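Here are some notes for a colleague who is opening this structure for the first time. Please keep the model in view while reading the points below.

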Amino acid sequence: MLIFWKQKLVFLATPKAGSSAVETALESLADVALTRPAVLKHASARDFRDHLAPLLSSKTEASFTTVALMREPLDWLRSLYRFRLRDLIEESDISAGYSFDQFARDYIEDPRAGFSDVPSQAVFLCDDEGTPLVDRIFPYERIEDFVHFLEDQLGFAITLPRVNVPPAVETGLAPETEAALRVAMQDDLALYDRVTRALA
């Protein structure tokens, strides 16, 4: 999370949606940078609303605009799998034969297996009713729009580096797994559709 006091702007770091690149480019320019531990770096929109927004409001009469990135949901899950697989490779031999298809089926399960038990982007960005709690959500796949917005708000040119890139691995899905996954991720898919249509 990055807070720009003068501009009254807050960047919320959606997990696996380019937050490390944004932080690398802008951390030194932010007035407050919560980059570690992960529970603070990736504080959700509802965490910000419930805890940090009241604190900021108590120190200034102006409200802060929140912005975040959202990745296409299936692509987000693929990115999550690549990072989790990297962690498994470092920790044990469990990664051998652990396919993305199996990871997706584990993600669908209720309750989820520990390795795949990660809150969805919709949970990160919305309230319990599915209403976005972020003022501006940009599709990760159109990150240039997000960069242009930041440049306008902050008043300087921004170049995002490539950092924290996961290894390339096979991420194919059986048709029946993808169909089930789309049902399980329907809230994320609906939110992503709203986000992309808003910028059309």
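1. Helices (H or I, at least four residues) and strands (E, at least two) are DSSP runs, numbered from the N terminus, and two strands pair if DSSP finds at least two bridges between them.

2. On the sources, this is a predicted model in which local features need pLDDT of at least 70 and side-chain atom pairs count only at pLDDT 80 or more, while totals for chains, interfaces and linings use all residues. Residues are numbered from 1 along each chain as its sequence is written, and side-chain values use heavy atoms, with hydrogens and water left out.

3. Strands β1 (residues 2-4) and β2 (residues 9-12) run antiparallel and are joined by three bridges, with Phe4 opposite Leu9 in β2. The two strands form a hairpin with four residues between them, and Lys8 in the turn has a positive phi of about 55°. Strand β2 also pairs with β4, in the parallel sense and over four bridges; there the bridge partner of Leu9 is Thr65.

4. From β2, Leu9 and Phe11 point one way, whereas Val10 and Leu12 point the other way, and all are buried. Here buried means under 20% relative accessible area, exposed means over 50%, and partly exposed lies in between (1.4 Å probe, protein chains only).

5. How far apart are the end C-alpha atoms of helix α3 (residues 45-59)? They are 20 Å apart, which agrees with the 21 Å that its 15 residues should span at 1.5 Å a residue, the expected span being 1.5 Å times one less than the number of residues. Helix α3 bends by about 45° at Leu52, and a proline, Pro54, follows within four residues; the bend is the angle between axes fitted to the seven residues ending at a residue and the seven starting there. Ala45, Phe48, Ala53 and Leu56 of α3 are buried, and the buried residues of this helix pack against β1, β2, β4 and α6 (121-125), where contact means heavy atoms within 4.5 Å.

6. The structure holds 10 aromatic pairs. The rings of Phe11 and Phe146 have centres 5.8 Å apart and planes at 45°, so this pair is tilted. Rings of Phe, Tyr and Trp (its six-membered ring) pair if their centres lie within 6.5 Å, and planes under 30 degrees apart count as stacked, over 60 as edge-to-face and the rest as tilted. Phe11 in strand β2 and Phe146 in helix α7 (residues 143-154) are 135 residues apart, and their pair links distant parts of the chain. Both Phe11 and Phe146 are buried.

7. Phe138 and Phe149 also form a tilted pair, at 5.3 Å centre to centre and with 45° between the planes. Phe138 lies in strand β5 and Phe149 in helix α7, so this pair ties together parts that are 11 residues apart in sequence. Phe138 and Phe149 are both buried, and ring pairs link Phe11, Phe138, Phe146 and Phe149 into a cluster.

8. Leu199 is found in the segment after α9 and, at 23% relative accessibility, counts as partly exposed. Leaving aside neighbours within four places in sequence, Leu199 is in contact with Phe138, Pro139, Arg142 and Asp145.
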